[in-house]
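Work through the exercises below with the sequence and coordinates open. Each task is followed by a stepwise solution.

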Amino acid sequence: MMLVATAFLVWGLGWVLNIWLARFGGRWVSLVSALVFGVTLLLVWELVVRGLGVSAVILPPPSAIAVRLADPAAQAILWGDFVQTFVKGALSGYVLGCGAGFLVAIATDRSPFLQAGLLPVGNFVAALPIIGMAPILVMWFGFDWESKAAIVVVMVFFPMLVNTVQGLTEASSMQRDLMRTYAASYWQTLLKLRLPAAAPFIFNGLKIATTLALIGAIVAEFFGSPTKGMGFRISTEVGRLSLDMVWAVIAVAALSGSAFYGGIALLEKATTFWHPSQRER
Amino acid sequence: MALCRWRVMRGLASLGPVSVVVLVLFGFWYLAAVWLNADWARDKAARADVELSFSELVADTLSQDKPKLPAPHQVAVEIWETTAEKKVTSKRSLVYHGWITLSATLLGFGMGTVLGILLAIGIVHNRAMNNSVMPWLITSQTIPILAIAPMIIVVLNSVGLSGLLPKALISTYLSFFPVAVGMVKGLRSPDAMQLDQMRTWSASAAQTFWKLRWPSSMPYLFTSLKIGVAASLVGAIVGELPTGAVAGLGARLLAGSYYGQTVQIWSALISAAVLAACLVGIVGVVQRVTLRRMGMA
């Protein structure tokens, strides 16, 4: 009971600290208070699990997960899963799918008729539960990473297509007229005006696709996979009731997902630094 | 009235291109079905020592029992048989499975919407919460929750929670985020001038909220609700995968993939798509009616 009471105390302390921090302004404050909130959450989790004696089969405390993450044998397994699911499945599918979505958007760009048809259909398909295609694609491409890459391609294609098509309409008619007075060709207008103007939309699509890619690759493994991969590990370790390993896999997935998203966000900041949406902050 | 007619006209104008694109997609589907199923048809013919003419080959590829890719009309027949010709309570009825998925979706969507709105209100009114919770809200979405959905279901089952609620919780997790982010934006959308105006009327925080912030956040709310309801459906379907393929559209998918029943997989998939389209469409209609009555559209 003591531990649970301590958990409440820690929660209160973290909250008071954050209220105190909120009185200051500046960039570092929001960073520090986010950290304080995260650490408080972890401490409360640890204390409540220990205090109430929750079985490790249901919810292991964070310390047990950390121990598992530090174990070299587990690290080797996790690294193999990471390479199989993230590098081979998600990343290759991400590159192919986003590339295809981008190219199709450019290819249909000259036909307003096709675009008027593609945009509603693409928007519709993007809202569908495409993840359900996973069993079909596993049947077509086999158990290895090719089928995972295929589902990722299908999942990221439509958000990328819709965002690029929308972004390409972003340049105003005034700006386009200016390009015409310069006697710019179609490709010059595309490369120098419309693609840069579309950049925020394209990056938005790329960012949405990062999370979709990881989800697609992991869920596809539930329908069949070789004996490695994050999805395979999660489903087998749940069966063996070693939940600390499952949470270690989840930590790796969350970390690589965040890093993937953060990497794209950094790339956006570096390439579209001139855009008003980036300058304001 | 004139505006209304104009909107109808514009709607009809995009109907042409959309139907062409849809028709082209169906054409591709038939071609792909012929191409993917041709191997099996040729195998079968070679074993029976018959020479297939081209038209026979095409006819065979479009009518196999377990094709690699079923043709659209096969899926349509399967959907018709499992919805209209079966009793609604039958385990083979798609309506039965669809309802199980739909109820989990709606429960999760409702909980997610309430949670998202409450979080947004907290974030907008409390700076400490904005600083500490907002970054974690964004991080929470980079966790591939769908991937750990099976574990959550299994764990909740072992605690004694089973049936609707675990699936609904996954839907909640997926739908609260778009609502929270959209509502934070929406509740902050009144500009400084309008907020100052409220202050000159010495409006209390509650009055400012109900008379200014809440109404002006409505367009944002509905846009996020559309994303949220689609995400809830995906959550409910994935939540059904680990329950051992008992009931629901997700279970149909899994059972179909175990037994190679491709037609069954595709019919579950198409009905999930129709369900998603209906849900998003209903939210869209509510949006239009509400915004028109508020004078915003």
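Helix axes here are lines fitted to C-alpha atoms over the stretch in contact, and angles run from 0 to 180 degrees between N-to-C directions. The model is predicted.

**Exercise 1. Describe how helix 4 of chain B packs on helix 12 of chain B.**

Step 1. Locate the pair. Helix 4 of chain B spans residues 94-125, and helix 12 of chain B spans residues 262-293.

Step 2. Take the geometry. The axes are 11 Å apart and meet at an angle of about 50°.

Step 3. Classify the angle. Angles under 35 degrees count as roughly parallel, and 65 to 115 as roughly perpendicular. The angle of about 50° therefore makes helix 4 of chain B oblique to helix 12 of chain B.

Step 4. Assign the hand. The crossing of helix 4 of chain B with helix 12 of chain B is right-handed.

Step 5. List the residues that meet. Helix 4 of chain B brings Leu94(B), Gly98(B) and Leu102(B). Helix 12 of chain B brings Ser267(B), Ser271(B) and Leu275(B).

Step 6. Sort them by class. The contact has 3 nonpolar, 3 polar and no charged residues.

**Exercise 2. Decide whether helix 11 of chain B is enclosed or open, and find what packs against its buried residues.**

Step 1. Count. In helix 11 of chain B (residues 249-258), 8 of the 10 residues are buried, so this helix is largely enclosed by the rest of the structure.

Step 2. Name them. The buried residues are Leu249(B), Gly250(B), Ala251(B), Arg252(B), Leu253(B), Leu254(B), Gly256(B) and Ser257(B).

Step 3. Find the partners. Within chain B, the buried residues pack against helix 4, helix 10 (218-240) and helix 12. Chain A contributes helix 6 (134-141).

Step 4. Just after helix 11 of chain B, Gly260(B) has a positive phi of about 65°.

**Exercise 3. Do the corresponding analysis for Ile151(A).**

Step 1. Ile151(A) belongs to helix 7 (residues 145-168) of chain A.

Step 2. Ile151(A) has 32 C-beta neighbours inside 10 Å, so this residue counts as buried.

Step 3. Beyond residues up to four places away in sequence, Ile151(A) touches Met133(A), Ala134(A), Leu137(A), Gly216(A) and Ala220(A).

Step 4. Contrast sequence with space. Met174(A) is 23 residues from Ile151(A) in sequence, and 41 Å away from C-alpha to C-alpha.

**Exercise 4. Characterise the side of chain B that touches chain A.**

Step 1. Count both sides. Contacts join 45 residues of chain B to 50 residues of chain A.

Step 2. Find the contributing helices. Helix 1 (2-47), helix 5 (127-142), helix 6 (145-159), helix 10, helix 11 and helix 12 of chain B each give at least two residues.

Step 3. Helix 5 of chain B supplies the largest share, 10 residues.

Step 4. Sort by class. This side of chain B has 33 nonpolar, 10 polar and 2 charged residues.

Note on methods. Residues numbered from 1 in each chain as written. Chains lettered and ligands numbered in written order. Predicted model: local features only at pLDDT ≥ 70, side-chain atom pairs only at ≥ 80, totals over all residues. Helix = DSSP H or I, 4+ residues; strand = E, 2+ residues; numbered from the N terminus. Parallel < 35°, antiparallel > 145°, perpendicular 65-115°, else oblique. Left-handed = near helix turned anticlockwise from the far one by under 90°. Contact = placed C-beta atoms within 7 Å. Nonpolar A, V, L, I, M, F, W, Y, C, P; charged D, E, K, R; others polar. Buried ≥ 20, exposed ≤ 12 C-beta atoms within 10 Å, placed from the backbone.
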